[in-house]
Amino acid sequence: DEQIERERASQHLAGGCCALAAIYLMGKFYVANAGDSRAIIIRNGEIIPMSREFTPETERQRLQFLALLRPELLGKEFTHLEFPRRIQPKELGKKMLYRDQNMNGWAYKKIEEDDLKFPLIFGEGKKARMMATIGVTRGLGDHDLKVFSSNIHIKPFLSCFPEVRVYDLTQYEHCPDDVLVLGTDGLWDVTNDKEVAGVVMEVLTSYEPNDPCRYTMVAQELVVRSRGVLKERGWRLANDKLGSGDDISVFVIPLGGPGNYT
């Protein structure tokens with residue numbers, strides 16, 4: 001993240017990205033995630049999550065707490081409180097459900113002038129946005145990103161620190177069908193963990209256990225199925241739902257070699 005900031009100044013490069021990394025060290029996999037990509041292990045048909053997405057919804061309390069501590073970051077345009085919907089001026093003085101950085105559930109409060117500001121987090125699911133700008137809350141770069149038509153920087157709320165999960169390979173016997181799948185959000189937007197596991201098993205069983213290209217073919221099939229087929233109404237999946245419009249990058253890493261096959 002610091003290197004991207006230096007290059008921004010020296011080479012006038014702007015932009016940012018999420019990061020998902022897997023490192024194998026002394027019999028263990030360390031999976032680090034900063035963003036909305038995802039990693040899962042599929043072992044003997046079982047799905048083991050190795051990351052979680054960092055979005056305005058999943059990190060609501062961290063973002064709200066930062067905004068409470070440093071209200072100047074909100075530029076007098078946003079409120080750190082969350083409401084079920086946008087509040088209208090005519091609702092001043094009335095009671096409405098809200099929650100702050102300390103709350104998982106909701107409570108009632110009397111609407112005040114400050115509550116009419118745009119909420120720090122607005123929307124649900126993939127449509128959730130922080131400061132009406134970005135749908136991911138961890139990543140690298142984006143030092144120049146600002147709220148549209150304002151001088152409010154987004155970067156203070158974007159953390160470059162990843163969450164790290166550890167998987168000990170020495171604790172289990174692995175066969176060639178056991179894999180670690182790394183994918184960007186373009187994959188997971190339209191394909192859930194169970195569907196990915198199904199594609200993995202379907203493709204792997206059509207190749208010999210010692211065929212090294214079998215894992216590449218799994219990754220290719222996951223990309224193709226998530227993009228869909230181009231039709232008159234755009235890219236469509238097999239169930240006719242809209243295919244992924246985001247970038248799709250997939251790695252499929254075997255956890256066991258041919259010698260481990262039983």
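In what order do the 4 strands of the open sheet line up? They run β5-β4-β14-β17, with antiparallel pairing. What you're looking at is a predicted model, with an average pLDDT of 91 across the protein.

**How confident is the model?**
- A pLDDT of at least 70 is reached by 98% of the residues.
- Among the elements, β14 comes out with the highest mean pLDDT, at 97.
- Strand β16 (residues 234–236) sits at the other end, with the lowest mean of 74.

**What the record says**
- UniProt, in an unreviewed entry, lists residues 1–255 as "domain: PPM-type phosphatase".
- Over that stretch, residues 1–255, the chain is 20% helix and 26% strand.

- At the edges you'll find β5 (46–49) and β17 (250–254), each of which pairs on one side only.
- From one strand to the next, the twist averages 20°.
- Strand β4 (residues 38–43) is joined to β14 (residues 179–183) by 5 bridges, and the two run antiparallel.
- To spot that pairing, look for arginine 38, which stands opposite glycine 183 in β14.
- Strand β4 also runs antiparallel to β5, with 4 bridges between them.
- One landmark there is isoleucine 42, whose bridge partner in β5 is isoleucine 47.
- The hairpin of β4 and β5 has 2 residues between the strands, and asparagine 44 in this hairpin takes a positive phi near 55°.
- In general, strands of a sheet pair through backbone hydrogen bonds.

- Helix α5 (residues 214–227) lies across β14 and β17.
- Relative to β17, helix α5 runs at about 150°.

**A buried glutamine**
- Glutamine 64 belongs to helix α2 (residues 60–69).
- Is glutamine 64 buried or exposed? Its relative accessibility is 1%, so glutamine 64 counts as buried.
- A polar atom of the glutamine 64 side chain lies 2.8 Å from the backbone oxygen of histidine 80.
- Leaving out residues up to four places away in sequence, glutamine 64 touches His80, Leu81, Glu82, Arg99, Asp100, Gln101 and Leu120.

**Two loop residues with positive phi**
- Histidine 12 sits in the loop between α1 (2–11) and β1 (16–17).
- Phi of histidine 12 is positive, near 55°, even though this residue is not a glycine.
- Histidine 12 counts as exposed because its relative accessibility is 69%.
- Serine 149 is in the loop that links β12 (140–141) and β13 (163–168).
- Serine 149 isn't a glycine, yet it has a positive phi of about 55°.
- With a relative accessible area of 69%, serine 149 is exposed.

How values were computed
Residues numbered from 1 in each chain as written. Predicted model: local features only at pLDDT ≥ 70, side-chain atom pairs only at ≥ 80, totals over all residues. Heavy atoms only, no water. Buried < 20%, exposed > 50% of the residue type's maximum accessible area, 1.4 Å probe, protein only. Polar contact = N/O pair within 3.5 Å; in protein donor to acceptor, adjacent residues only side chain to side chain. Contact = heavy atoms within 4.5 Å. UniProt positions renumbered as here; feature names shortened; annotations may be inferred. Pairing = 2+ DSSP bridges. Axes fitted to C-alpha atoms, helices over the stretch in contact; angles between N-to-C directions. pLDDT = per-residue confidence, 0-100.
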